[in-house]
Amino acid sequence: MIRLRVKEEAVKQGFKMAQLARKADIDIRTLRRIYQDPTKEVSTLVIAKLAQALNVPSTDLIEDVPNTPEE
């Protein structure tokens, strides 16, 4: 499973959610969904915009985590 590390990177750099959404030119609701559920599917375009806004390679925002069994 893929997990996005957007929130962690944004906090590390001191970005507030609204600031990052504006800088990345993405809808605040999209960013809110990513913050609330980092395993949510998003387009590569959104990941690229966030990476550019955070000035990091897109690979820094993606983490491969093992699948957890459904309860």
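Which residues in α2 meet which residues in α4?

## The contact of α2 with α4

This is a predicted model. In the model, Leu20, Lys23 and Ala24 are the residues of α2 that meet α4. Their partners in α4 are Lys49, Leu50, Ala53 and Leu54. Sorted by class, this contact has five nonpolar, two charged and no polar residues.

The axes of the two helices, α2 and α4, come within 8 Å and cross at roughly 110°. An angle of 65 to 115 degrees counts as roughly perpendicular, and α2 and α4 are therefore roughly perpendicular to each other.

## The nonpolar core

The largest nonpolar core has 19 residues. Those that touch the most other members are Val6, Leu20, Ile26, Leu31, Leu50, Leu54 and Leu61. Two or more residues of this core come from each of α1 (6-13), α2 (17-24), α3 (28-36) and α4 (44-54). The largest share belongs to α4, which gives six residues.

In soluble globular proteins, nonpolar side chains tend to be buried together.

Ile26 touches Ala21, Leu31, Val46, Lys49 and Leu50, when residues up to four places away in sequence are not counted. Of these partners, Leu31 and Leu50 are, like Ile26, among the core residues that touch the most other members.

Asp27 lies in the loop between α2 and α3.

Val6, Glu9 and Ala10 are buried in α1. Why do they lie on the same side of α1? They cover an arc of only 100° around the axis, and this puts them on the same side of the helix. On the other side of α1, Val11 and Lys12 are exposed.

The buried residues of α1 are covered by parts of the structure that include β1 (2-4), α2, α3 and α4. One of these buried residues, Val6, is also among the core residues that touch the most other members. Just after α1 comes Gly14, which takes a positive phi of about 85°.

Methods
Residues numbered from 1 in each chain as written. Predicted model: local features only at pLDDT ≥ 70, side-chain atom pairs only at ≥ 80, totals over all residues. Heavy atoms only, no water. Core = buried A, V, L, I, M, F, W, Y, C linked by side-chain atoms within 4.5 Å. Buried < 20%, exposed > 50% of the residue type's maximum accessible area, 1.4 Å probe, protein only. Helix = DSSP H or I, 4+ residues; strand = E, 2+ residues; numbered from the N terminus. Contact = heavy atoms within 4.5 Å. Axes fitted to C-alpha atoms, helices over the stretch in contact; angles between N-to-C directions. Parallel < 35°, antiparallel > 145°, perpendicular 65-115°, else oblique. Nonpolar A, V, L, I, M, F, W, Y, C, P; charged D, E, K, R; others polar. Arc of directions from axis to C-beta.
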